[in-house]
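User: I have a model open here and would like to talk through how its parts pack together. Could you take me through it piece by piece?

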Amino acid sequence: MEEVVKEETRICFYPFLSAASRYVEEFGVTLEDLISSAVFERARLRGKERVIEAIKDGEVRKPVIISNAQAEMELLSYPFARILVSCIGDEYLVRRYALSEAKAAHEELLASTGSSSDTDIIYEMSEEFGIRVDFIGLSHEHAQMKVQMSFVDYLRFTSNLRDKRWKLVNRGLEKGRVKLGRSEFVRIIQEAIYERIKKDLPLDVPADICEAISGYTGDIKKELEEKRKKFGDADFESGSVVKDPSCFPPCISYILSNLKEGVNVPHSARFAVTAFLLNLGLTEDEIIEIYKNSPDFDEDRTRYQVEHIAGFKGTVRYIAPSCGTMRTYGNCIGNDEICEKISHPLSYYKLKLKRKKKK
Ligand code: SF4
């Protein structure tokens with residue numbers, strides 16, 4: 001019995017795995033049961049909580065699981081959370097939710113003590129995500145475990161990691177294989193999890209189902225709106241002082257200087273700088289001007305992307321990514337004294353601007 005509890009507990013912390021989907025299928029729970037039966041109210045509430053935690057904290061908290069029933073509800077809360085995110089259909093929410101789930105799984109893997117079952121789950125994930133790896137030093141010192149993977153897979157999952165240590169030239173390539181420590185490999189797994197979760201979202205959920213669960217989505221929408229009010233355009237006055245580059249955080253200044261010098265900047269950094277400047281009140285034309293030195297500059301495509309982030313082509317208005325997300329994508333380039341006080345590049349700007357005005 002104890003083993004069964006352990007297995008369910010283990011899977012419910014990684015609900016995006018195929019094994020977890022099979023488990024849910026075996027329960028025989030129908031979609032109708034999940035969205036309306038009183039038996040699954042706990043799973044629905046937990047599903048809503050998952051999404052709200054993603055919006056508020058940028059990470060889905062893992063509860064302490066002490067019974068099979070609790071593990072089942074935790075597992076079922078994941079598909080319900082995905083339905084909620086899909087019914088809301090906000091691209092910012094999709095990315096934030098996927099990232100929060102991926103970060104939670106990453107934390108869980110890191111926090112594990114290196115037992116054999118934890119090594120098993122890392123192995124299972126490698127298989128599932130198609131990462132060809134060899135594990136070295138498995139028998140005793142699991143925390144000291146090393147992994148060797150092909151450089152092709154390595155490049156596939158590290159393209160968004162900007163920190164110098166991830167550059168292939170800094171990795172000591174041996175016969176086409178890259179050697180990594182356990183925690184480094186777990187970080188690569190996080191990227192794979194993020195891609196997996198985001199891939200099918202938003203799901204194509206029928207309108208009548210979205211209507212039936214509007215009581216749950218309503219609370220999430222309110223939370224999303226709160227977040228927008230806090231960091232969206234409304235939080236910033238318009239006028240020339242708002243566009244004061246001397247108050248930009250180091251991450252944004254760095255991306256801007258790369259764009260100015262014609263360095264090819266990754267998509268995540270382009271998105272961050274565009275959303276940041278839009279939130280500050282720059283016009284689309286002013287932002288397009290910034291991209292003109294890019295080696296692959298195409299005015300129509302850039303205009304389309306900038307307008308899309310501004311929300312003109314649909315209802316979604318994007319908010320600049322938080323410091324946590326910037327770090328995840330390797331776009332945070334350092335910590336100055338203001339960075340230590342804030343958790344969002346827009347807060348950095350506000351604080352520095354305030355200090356400047358006081359002076
Ligand atoms: S801590 Fe935040 S504001 Fe500072 S450089 Fe990193 S992402 Fe930018």
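What follows is a conversation about the helices, the sheet, the ligand shell and some backbone details.

Analyst: Gladly, and please keep in mind throughout that this is a predicted model.

User: Let's start with α6 and α9, then: at what angle do their axes cross?

Analyst: The axes of α6, which covers residues 91–111, and α9, which covers residues 182–199, cross at roughly 150° and come within 8 Å of each other. Since angles over 145 degrees count as roughly antiparallel, α6 is therefore roughly antiparallel to α9.

User: And is that crossing left-handed or right-handed?

Analyst: The crossing in which α6 passes α9 is right-handed.

User: Which residues in α6 and α9 meet there?

Analyst: On the α6 side they include Val 94, Ala 98, Leu 99, Ala 102, Leu 109 and Leu 110, along with Arg 95, Glu 101 and Lys 103, while on the α9 side Val 186, Ile 189, Ile 193, Tyr 194 and Ile 197 are among them, together with Arg 187 and Lys 198. Sorted by class, the contact of α6 with α9 has 12 nonpolar, 3 polar and 5 charged residues.

User: How does α12 with α13 look by class?

Analyst: I would take the geometry before the classes. The helices α12 and α13 (residues 267–280) pack at about 110° with their axes 10 Å apart, which means that α12 is roughly perpendicular to α13. Their crossing is left-handed, and the contact is made by Ile 252, Ile 255 and Leu 256 of α12 with Ala 269, Ala 272, Val 273 and Phe 276 of α13. As for the classes, that contact has 7 nonpolar residues, no polar ones and no charged ones.

User: Switching to the ligand, which residues surround it?

Analyst: The ligand is surrounded by Cys 251, Cys 323, Cys 332 and Cys 339, by Pro 249, Pro 250 and Pro 345, and by Met 326, Ile 333, Gly 334, Asn 335 and Tyr 348. The elements that each give two or more residues to this shell are α12 (250–260), α16 (323–328) and α17 (345–358).

User: How many charged residues are in that shell?

Analyst: There are no charged residues in the shell around the ligand, which divides into 10 nonpolar and 2 polar residues.

User: OK, the sheet now: what is the strand order?

Analyst: It is an open sheet of 3 strands in the order β1-β2-β3, with antiparallel pairing. The edges are taken by β1 (133–136) and β3 (177–181), each of which has a single partner strand, so one side of each is left without a neighbour in the sheet. From one strand to the next, the twist averages 25°.

User: How many bridges link β1 and β2?

Analyst: β1 pairs with β2, residues 146–150, over 4 bridges in the antiparallel sense, and Phe 135 has Val 147 in β2 as its bridge partner.

User: Which strands does α8 lie across?

Analyst: Helix α8, residues 151–158, lies across β2 and β3 and runs at about 95° to β2.

Terms used: Residues are numbered from 1 along each chain as its sequence is written. This is a predicted model: local features need pLDDT of at least 70, side-chain atom pairs count only at pLDDT 80 or more; totals for chains, interfaces and linings use all residues. Axes are lines fitted to C-alpha atoms, for helices over the stretch in contact, and angles run from 0 to 180 degrees between N-to-C directions. Angles under 35 degrees count as roughly parallel, over 145 as roughly antiparallel, 65 to 115 as roughly perpendicular and the rest as oblique. A crossing is left-handed if the near helix is turned anticlockwise from the far one by less than a right angle, and right-handed if clockwise. Two residues are in contact if their C-beta atoms, placed from the backbone, lie within 7 Å. Ala, Val, Leu, Ile, Met, Phe, Trp, Tyr, Cys and Pro count as nonpolar, Asp, Glu, Lys and Arg as charged, and the others, Gly among them, as polar. A residue is near a molecule or strand if its C-beta atom, placed from the backbone, lies within 6 Å of it. Two strands pair if DSSP finds at least two bridges between them.
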